Amino acid sequence: MLNDNKFLLSIFSVFDRKNKMFQPPFSEFSEVDAARRFDGMLNSPTSLISRYKDDFTLVLLGTLDLATGEITPEYHVICDCNDVSNII
């Protein structure tokens, strides 16, 4: 995402409500791209997430400035399994 002459990469994770733990983070340039990846996890027959869909939520953890390496924390929920189709 280009923002005020900065090139920012968003950092996302999938939160497991039952385990109360975050999955390893991943990066995408937009929330739509992250939601598409999450949708792929939800629909993959070999994914743990697809077996327990109601337990997982996609969240934004922050942004990485690719020019400076600075990470800015920014937490908010993007979607869960029931509303991912509204984003993609």
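The following legends describe close-up views of a predicted model.

The model is predicted, so that local features require pLDDT of at least 70 and side-chain atom pairs count only at pLDDT 80 or more, while totals for chains, interfaces and linings use all residues. Residues are numbered from 1 along each chain as its sequence is written, and side-chain values use heavy atoms, with hydrogens and water left out.

With a relative accessibility of 15%, Glu28 counts as buried; the classes are buried under 20% relative accessible area, exposed over 50% and partly exposed in between, for a 1.4 Å probe and protein chains only. The side chains of Glu28 and Arg37 are joined by a polar contact of 2.9 Å. A polar contact is a pair of N or O atoms within 3.5 Å; within protein, one must be able to donate a hydrogen and the other to accept it, and residues adjacent in sequence count only if both atoms are side-chain atoms. Residues up to four places away in sequence being left aside, Glu28 touches Leu9, Ser10, Phe12, Asp33, Ala34 and Arg37, where contact means heavy atoms within 4.5 Å.

**View B. Phe56 in strand 5.**
Phe56 belongs to strand 5, residues 56-65, and is buried at a relative accessible area of 2%. Residues up to four places away in sequence are again not counted; among the residues that Phe56 touches are Val14, Phe15, Phe38, Leu48, Ile49 and Cys81. The C-alpha atoms of Phe56 and Val84 are 11 Å apart, at a separation of 28 residues along the chain.

**View C. The stacked pair of Phe12 and Phe26.**
Rings of Phe, Tyr and Trp (its six-membered ring) pair if their centres lie within 6.5 Å; planes under 30 degrees apart count as stacked, over 60 as edge-to-face and the rest as tilted. Four aromatic pairs are counted by this rule. Phe12 and Phe26 form a stacked pair, at 5.9 Å centre to centre and 25 degrees between the planes. This pair links distant parts of the chain, with Phe12 in strand 2 (residues 6-16) and Phe26 in strand 4, 14 residues apart. Phe12 is buried at 0% relative accessible area, and Phe26 is buried at 10%.

**View D. The tilted pair of Phe15 and Phe22.**
The ring centres of Phe15 and Phe22 are 4.7 Å apart and the planes stand at 50 degrees, so the pair is tilted. Phe22 is partly exposed, with a relative accessible area of 40%. Ring pairs link Phe15, Phe22 and Tyr75 into a cluster.

How values were computed: Helix = DSSP H or I, 4+ residues; strand = E, 2+ residues; numbered from the N terminus.
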